[in-house]
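Okay, thanks for coming, everyone. Let me put the model up.

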Amino acid sequence: MSIWVTWPGLVKFGTLGITAGLLTLAVERNELFENNLFDFERWDEYNADIDCNERSLTARMEDGTCNILENPAEGSANRRFGRNVELDAAHGETDTLLSPNPRDISNSLMARDEFKPAPTLNFIAAAWIQFMTHDWFSHGDGSTTDYIDVELPAGDSRGTGTMSIRRTLPDPTRIAAEDEAGLPDAYLNENTHWWDGSQIYGSNLETLNTLREFQGGRMLVNSDGSLPRDFFSGVPKTGFTDNWWLGLSMLHQLFVKEHNAVAEMLAATYPEKDDQWLFDKARLVTSALMAKIHTVEWTPAIIANPVTERAMYANWWGLVGNAEARDKYGAEFDKLAEDLAKSDSWVRRILGLDPKMSEALDNGKAIEWAVTGLAGARNSDNAGVPFTLTEEFVAVYRMHPLLRDTVDVYDIGSNVVSESIPLTETRDGDAEDILDDQGGDRLWYSFGVTLPGALTLRNYPEFLRDLYVPGRGVIDLATIDIIRDRERGVPRYNEFRRQIGLTPINDFTDLTDDAEIVSELRRLYDNDVEKIDALVGQLAETVRPEGFGFGETAFQIFIMNASRRIIADRFYTADYNPETYTQEGYDWVENTTMVDVLKRHYPALDLSLVGVDNAFKPWGLNIPADYDNWAACDKQSLLWTNGVKRTEYAADERPEIPPVDIGGLISSVISDKVKYVGDVAPVGHAKPIHPHGAMAKVAFNSTGNHPYTGVFEGNECGLLRLSVTGDPADRGFAPGFAWKTLIDGQPSENISALYTLSGQADNHDFFANELSNYVSLEANDTLGSSLLFSFVTSKPTLVVANAMAETQSDGSAEASPVSPTQVYFVPTAEVRGLFAEGEHDFRDDLLSLPEGTKLYDVYATDMEIKSSIWPSRQQRLQDERRDDAVKIGEMVLTSEFTTSVFGDSGVFFKHQRYEDR
Ligand code: HEM
């Protein structure tokens, strides 16, 4: 059996289905709770000085004390990290600390050769996880007297000599008895271990007091919405300010503003309450909201697998999916327990096939948590081991490859980078300057549409390998990441896996089949898999469950600790309720998403966030379920901003127009074209003809002097796409026209037009001829498109306009619709003769037209369409209709033309068949 996804849950994902997969996950977590929690803090000593007052019963204390009232120091700031591996296996390395040379590893396996993006996440996700780790932990700045000297390997870019790295400061309160007992070194967490928002509130009272307004429960925010700044560093004053850069400025500002929004809501609801009460409640709510966003949004984005996505929902809400149902099932769990007690238990019969699972069912806790959720569980539970975060937990969050080399800034809605700022220039005091200059909304948009780096080897950003840190000089963070694990006794990769119940690897090729990387790993690690560093092994794991942004080693640590942070905390379990949070505060947590938070503080992002259900996945065009009900101009804006502008081609990226793909004109494409309803093409819909063109927003202004109804009476918000059938060099220049009329509260109506099937030979002036929705069949229809369309309609060269006459642009139905049979789009004097006839790319012509240009005079007739096989008669019939047509309106550009991926392959124009009229 492969060593990968060794634990039963993942193996069974495919066979047991989601619910059983979840229960298996819960059982696995229980196993880990039983076997992998080690704590060696001297709690009693610290408890002696802590007095949990009345306020602490319903509020988070600044230093994290009094969450567990019986052991009040538990999880507080400046207490030791615990461990997830046996203490015997957790001793820091001494003899082997520098072997193999960590700088050599940094140079050859960590350094980014080219940027490898993580395609399913956006850059907000990268900043977010650093923001979270700053809530959870910090080992501090390290010793200024005790250094680790790393020899620079041959050929190093820094020359010869050594690189000095501060040693991590061990807990200074260690006592001799601990040495005698053979305990590993211990390190203190400067931050509270709890998930309590300490990155914005700080981990002690003094810090927090400098951040509060002391009015209305609010935090200090300047009148322009920015946070007050430290005079010397320029970094905002906030709870935790290490390793500052733009992403942190954005997140800290956002969540301090969110805190104030909560405080203001509470102050309005409870005017009699004082500042301290309002502050305490607002902190509870804001911290819980961040924890919930992380659990049900960030995590499913980075491990985008259906089971884990559901599992994260279950962590918060339980299998049943929402707060109400969770409460109900909390009560009904007892019934489940009763069932389990029976010898013929239903649950046991379904799930008890696995001996491990069967054992865990007797314990019952796993099931209760899986079914009812961790948040809001009836009691907090530290699994008998005082709650702390662990060194192994810190180790799996060394996710520096997530960082890009640049912050690419876009105008809201655009796909074209307006400025590319090296990430290293967004650090410290520069971060706030950039946030001020660019504006939060532009930056959030930019982070929403750009991708972070993938967590893999050879993807560590160069600026972090050459990082200037004030007071520390220039460091190589990749070298440091490797040393830290060794120094702090995080076992090497294979032992790490054994310790946490995973199968060790046998050979380097188990990690990756990249031969070059395997050979480099063999060289560095002396051909000995036991020597592979924990971080290197994790980044090398290329076999990952579907959708996982990281591998199973990190995941194993994560399923245990992610859940423990919730289940051990009184404010997420017994006291996660309306009494402690207030009903309004509780509802705020339950009902708010990251998208809501962004929209609340940056309304300019409303449109960019339409249909975005997870703010950490790349933003793009999403068609919400109620899209058809929207107002026409809102639909136009959505398609334009998130479709066209968002995917606009840069000048040098515009694709060449390929020859027509005759083989691609298959019946499924043709049948989509007449049957599918929607403005965005169905997944996989191909465009074998008219593949490239340009789009613009258009208005149709009716003359008001004609009998035709529906959108022919006027349509303010439409989209026009002008294209050619295929490469003009191949079959001549054949202009094509597609007009989408957007309608309030109803699906759009569309009409297409051509000059003729075969086009206008070598005349490349798009406006040389008038276009119509009906063209004659041609003996030389070399594309065979009329033949193919004839499989789905009896009039393959006609796109009828009847549906356009049935509904007005405001969505009201016409009682007696009057439709033209044939419509003519006649280039106006403004565009006729404007462009050259010789060979050139017509898209350049279109792009040069300004907004406001009157493109077409629109003519229409209602004479019956008759055709004849005799060319001269056919021509006469055609001429008669044309002569009968009257001008019914004008089509005007309400934007410039744009070439875009959406315009070429995303937008969909339905053809209305003769039979569907
Ligand atoms: C510009 C962005 C960043 C900078 C400048 C930065 C810098 C640093 C520095 C200087 C350290 C301390 C190294 C030492 O032990 O001496 C550190 C530690 C760490 N960083 Fe980052 N980092 C950044 C982003 C991130 C991100 C996106 C993550 C993702 C989770 C991350 C996770 C960590 C972790 C887990 C540690 C270890 C903390 C500890 O030992 O307690 N960092 N980083």
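I'll begin with the ground rules, then the rings, then the helices.

This is a predicted model, so to speak: local features need pLDDT of at least 70, side-chain atom pairs count only at pLDDT 80 or more, and totals for chains, interfaces and linings use all residues. Residues are numbered from 1 along each chain as its sequence is written, and side-chain values use heavy atoms, with hydrogens and water left out.

Rings, then. Searching the whole structure turns up 35 aromatic pairs, meaning Phe, Tyr or Trp rings (the six-membered one for Trp) with centres within 6.5 Å. Take W136 and W195: they sit edge-to-face, 5.7 Å centre to centre with 70° between the planes, where edge-to-face is over 60 degrees, stacked is under 30 and tilted is the rest. W136 is in helix α4 and W195 in the loop between β4 and α6, 59 residues apart. Both are buried, that is, under 20% relative accessible area with a 1.4 Å probe, protein chains only.

W136 also has the charged end of R565 over its ring, 4.0 Å from the centre; the cut-offs are CZ of Arg or NZ of Lys within 6 Å of the ring centre and within 35 degrees of the ring normal.

Now the helices, α9 and α26: they pack at about 125°, axes 10 Å apart. L289, I293 and E297 in α9 meet M594, V595 and V597 in α26, contact being heavy atoms within 4.5 Å.

How values were computed: Helix = DSSP H or I, 4+ residues; strand = E, 2+ residues; numbered from the N terminus. Buried < 20%, exposed > 50% of the residue type's maximum accessible area, 1.4 Å probe, protein only. Axes fitted to C-alpha atoms, helices over the stretch in contact; angles between N-to-C directions.
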